[in-house]
Amino acid sequence: MRAALAEVFDPEYPVSLVDMGLVRGVEISGASIRVDIAYCSLGCPCIALIEDDIRERLLQLDVVEQVEVREVFDHWSRRDISAKGLKVLRASGVD
């Protein structure tokens, strides 16, 4: 599931949600998946878009019938971004 989530990109930056450190947990129960996600800010204007992208990608998997995306209010910071994510951001001019 994480590999599929790694194909879902942040709408504002060319970095996956996984590499941005936004995915906080994945729970699988049969054909249902719950993805816990934190956002960079409480007022993120892309919440609905990100949640739709997660659902769309995971529902493409043959074994998935239902996807729940749950916002969790974990503190997010730049330290949550993976080394790969930081490299991509820097190459894109974001420092």
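Colleague: Which exposed residues does the face of helix 4 turned away from its buried side carry?

Modeller: That face of helix 4 carries A83, K84, K87 and A91. Exposed means over 50% relative accessible area, buried under 20%, and partly exposed in between (1.4 Å probe, protein chains only). This is a predicted model, in which local features need pLDDT of at least 70, side-chain atom pairs count only at pLDDT 80 or more, and totals for chains, interfaces and linings use all residues. Residues are numbered from 1 along each chain as its sequence is written, and side-chain values use heavy atoms, with hydrogens and water left out.

Colleague: And which residues of helix 4 are buried?

Modeller: In helix 4 (residues 83–91), the buried residues are G85, L86 and L89. They cover an arc of only 100° around the axis, so they lie on the same side of helix 4. The arc is taken from the directions from the helix axis to the C-beta atoms. Helices (H or I, at least four residues) and strands (E, at least two) are DSSP runs, numbered from the N terminus.

Colleague: What covers them?

Modeller: The cover of the buried residues of helix 4 includes helix 2 (17–20).

Colleague: Turning to the sheet, in what order do the strands come?

Modeller: The open sheet has three strands in the order 1-2-3, with mixed pairing. Strand 1 (23–29) and strand 3 are the edge strands, each pairing on one side only. Two strands pair if DSSP finds at least two bridges between them.

Colleague: How many bridges join strand 2 to strand 3, and do they run parallel or antiparallel?

Modeller: Strand 2 (residues 32–37) and strand 3 (residues 66–71) run parallel and are joined by six bridges. Between them the chain passes through helix 3 (residues 47–58), and this β-α-β crossover is right-handed: with the strands pointing away from the viewer, the path from the first strand over the helix to the second runs clockwise.

Colleague: Which residue in strand 3 is the bridge partner of D36?

Modeller: The bridge partner of D36 is R70. I33, in turn, stands opposite V67 in strand 3.

Colleague: One more topic: where is L42, and is it buried or exposed?

Modeller: L42 sits in the loop between strand 2 and helix 3. L42 counts as exposed because its relative accessibility is 70%.

Colleague: What does L42 touch?

Modeller: Not counting residues up to four places away in sequence, L42 touches I47 and F73, where contact means heavy atoms within 4.5 Å. The C-alpha atoms of L42 and F73 are separated by 8.4 Å, and the two residues are 31 residues apart along the chain.
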